[in-house]
Amino acid sequence: MIPIAIPDAGRDTADGASRAPAASIGTGVLFELLSDSTRRRILALLLEHREICVCRLVGALELPQPKVSRHLAAMREAGLLVSRRKGTWILYRFDPQVPGWAMRVIAMMVEGARTEPELAADRARLALLALCGEEGYP
């Protein structure tokens, strides 16, 4: 896995880890994140669903939990995603401070990938998985 160059860390997360402010995400960091197919698949699902539990992402992607968590952590540390704990679940969503240009790039990437069979299979598997803590998102 290629390490992602993260701008100066500025915010602390609930678990005490430092992360970059979403507003400071640069094009280089964003495109490094988008260079990995697993991260693109995660972002595509998150764009369509406001918030998703790690366990549902694991089931939808059919990948080992450590791999999915590693990709989620890279995107959280870069300032693209935020997480919250609800009981035993960890839920991820886009950081509300992500710049509009970055969200438009992600939306265009997802639009271009709509016909890819892998993404369609991810969506279908996610639809079959029971909700964890997502339904209570404010």
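Colleague: What should I know about the model before we start?

Modeller: The model is predicted, so local features need pLDDT of at least 70 and side-chain atom pairs count only at pLDDT 80 or more, while totals for chains, interfaces and linings use all residues. Residues are numbered from 1 along each chain as its sequence is written, and side-chain values use heavy atoms, with hydrogens and water left out.

Colleague: How many helices and strands are there, and what makes a stretch count as one?

Modeller: Helices are DSSP runs of H or I with at least four residues, and strands are runs of E with at least two, both numbered from the N terminus. The protein has 6 helices and 5 strands, and along the sequence they follow the pattern β-β-α-α-β-α-α-β-β-α-α.

Colleague: Which strands form a sheet, and in what order?

Modeller: Two strands pair if DSSP finds at least two bridges between them. Here 3 strands form an open sheet in the order 3-5-4, with antiparallel pairing. Strand 3 (52-53) and strand 4 (81-86) are its edge strands, since each pairs on one side only.

Colleague: How do you know that strand 4 and strand 5 pair?

Modeller: Strand 4 is joined to strand 5 (residues 89-94) by 6 bridges, and the definition asks for at least two, so the two strands pair.

Colleague: Why is T38 called buried?

Modeller: Buried means under 20% relative accessible area, exposed means over 50%, and partly exposed lies in between, with a 1.4 Å probe and protein chains only. T38, which lies in helix 2, has a relative accessible area of 5% and therefore counts as buried. Contact means heavy atoms within 4.5 Å, and, leaving aside residues up to four places away in sequence, T38 touches L63, K67 and H71.

Colleague: Why does H71 count as buried too?

Modeller: H71, found in helix 4, has 3% relative accessibility and so counts as buried. Its C-alpha is 9.1 Å from that of D36, although 35 residues separate H71 and D36 in sequence. The buried residues of helix 4 include H71, L72 and M75, and the helix is followed by G79, whose phi is positive, near 95°.

Colleague: What makes you speak of a buried side in helix 5?

Modeller: In helix 5, A102, I106, M109, V110 and A113 are buried. These residues cover an arc of only 95° around the axis, which puts them on the same side of helix 5; the arc is that of the directions from the helix axis to the C-beta atoms. On the other side, R104, M108 and G112 are exposed. The buried residues pack against helix 1 (27-34), helix 2 (37-48), strand 5 and helix 6 (117-128).

Colleague: How do you know that the buried residues of helix 6 line one face?

Modeller: L119, D122 and L126 are the buried residues of helix 6. Seen down the axis, they fall within an arc of 55°, so they line one face of the helix. The face turned away from them carries the exposed residues P117, A127 and L128. The buried residues pack against helix 2, strand 3, helix 3 and helix 5.

Colleague: What makes a group of residues a nonpolar core, and which residues have the most contacts inside the largest one?

Modeller: A nonpolar core is a set of buried Ala, Val, Leu, Ile, Met, Phe, Trp, Tyr and Cys residues joined through side-chain atoms within 4.5 Å. The largest has 33 residues, and those with the most contacts inside it are L43, L72, L80 and I106. Helix 1, helix 2, helix 3 (54-61), helix 4 (65-77), strand 5, helix 5 and helix 6 each supply at least two of its residues. Not counting residues up to four places away in sequence, L80 touches residues including I25, L43, F94 and I106.
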